[in-house]
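User: Hey, I'm new to this one. Can you walk me through it?
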Amino acid sequence: MELVELARNVRARDPARPGWFESVFCYAGVHAVLWHRLSHALWGLGLRGLARLSSHLARMLTGIEIHPGARIGRRLFIDHGMGVVIGETAEIGDDVLIYHGVTLGGLSGQPGKRHPTVEDHVTIGAGAQVLGPILVGHGARIGANAVVVNPVAPGCTVVGIPARPPKGAPCEDEGIGYGLRDVTEDPVGEQLAALRAEIAGLRAELDRVKAESRERA
């Protein structure tokens, strides 16, 4: 059942580690994907008016706009989701992560393929704009607020306007920021550990001063 698969994916990938109830009922991205399955099925049956109505209702309920003609793979995780727009001829592979404010849009008003193709295991940071019939390769990572108008090679990290690998770094570089840090890193924990060590040092110094004061007394 796709709902279970989507909820399991949320629980695995969201650092907040939500419970099952939250994953099913409190994630707009889950609801948007399920709504899209209905809209896309209606689109495929030629019931395009009903398909557009279905997608319009989904946008009102979730804040996520997915054209019923778009093709979406399994386990798409739209985190937060508000303001995400996915165009008619967009294609998204499996296990893709998209943050809020992302647009998979077109640059042409002509019929035909106008929107990006996003392969499996791609991550797209908040506010990124991926435009035109370009290919975003397997495992690529797009930084927050990047504007991507050229193909992105598999495994490549791109940032900026126009998007390119950061500071001329090779495509394999992963130092990209929002939502894309190595999950083994814990900067908050490191800072807390440093503060604890400093407090322990101050307490030891205070105890020493108190002991010297008692000896003089």
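This is a predicted model: local features need pLDDT of at least 70, side-chain atom pairs count only at pLDDT 80 or more; totals for chains, interfaces and linings use all residues.

User: Okay, helices then. At what angle do H1 and H3 pack?
Analyst: About 155°, with the axes of H1 (residues 2-13) and H3 (residues 28-44) 10 Å apart. Angles over 145 degrees count as roughly antiparallel, so that's what H1 and H3 are to each other.

User: And which residues make the contact?
Analyst: From H1 you have Glu2, Leu3, Leu6 and Val10, and from H3 there's Val30, Val33, Leu34 and Arg37. Sorted by class, that contact has six nonpolar and two charged residues, with no polar ones.

User: What handedness does the crossing have, left or right?
Analyst: H1 passes H3 in a right-handed crossing.

User: Switching to sheets. What's the strand order in the open sheet of four strands?
Analyst: That one goes S2-S5-S8-S11, and the pairing is parallel. S2 (71-72) and S11 (135-136) are the edge strands; each has a single partner strand, so one side of each has no neighbour in the sheet.

User: How many bridges join S2 to S5?
Analyst: Two, and S5 covers residues 91-92. Arginine 71 has glutamate 91 in S5 as its bridge partner.

User: What about the open sheet of five strands, what's its order?
Analyst: S3-S6-S9-S12-S14, with parallel pairing. Here S3 (77-78) and S14 (157-158) stand at the edges.

User: Which residue stands opposite valine 158 in S14?
Analyst: Isoleucine 142 does. Two bridges join S12 (residues 141-142) to S14, and those strands run parallel.

Technical notes
Residues are numbered from 1 along each chain as its sequence is written. Side-chain values use heavy atoms; hydrogens and water are left out. Two strands pair if DSSP finds at least two bridges between them. Axes are lines fitted to C-alpha atoms, for helices over the stretch in contact, and angles run from 0 to 180 degrees between N-to-C directions. Angles under 35 degrees count as roughly parallel, over 145 as roughly antiparallel, 65 to 115 as roughly perpendicular and the rest as oblique. A crossing is left-handed if the near helix is turned anticlockwise from the far one by less than a right angle, and right-handed if clockwise. Contact means heavy atoms within 4.5 Å. Ala, Val, Leu, Ile, Met, Phe, Trp, Tyr, Cys and Pro count as nonpolar, Asp, Glu, Lys and Arg as charged, and the others, Gly among them, as polar.
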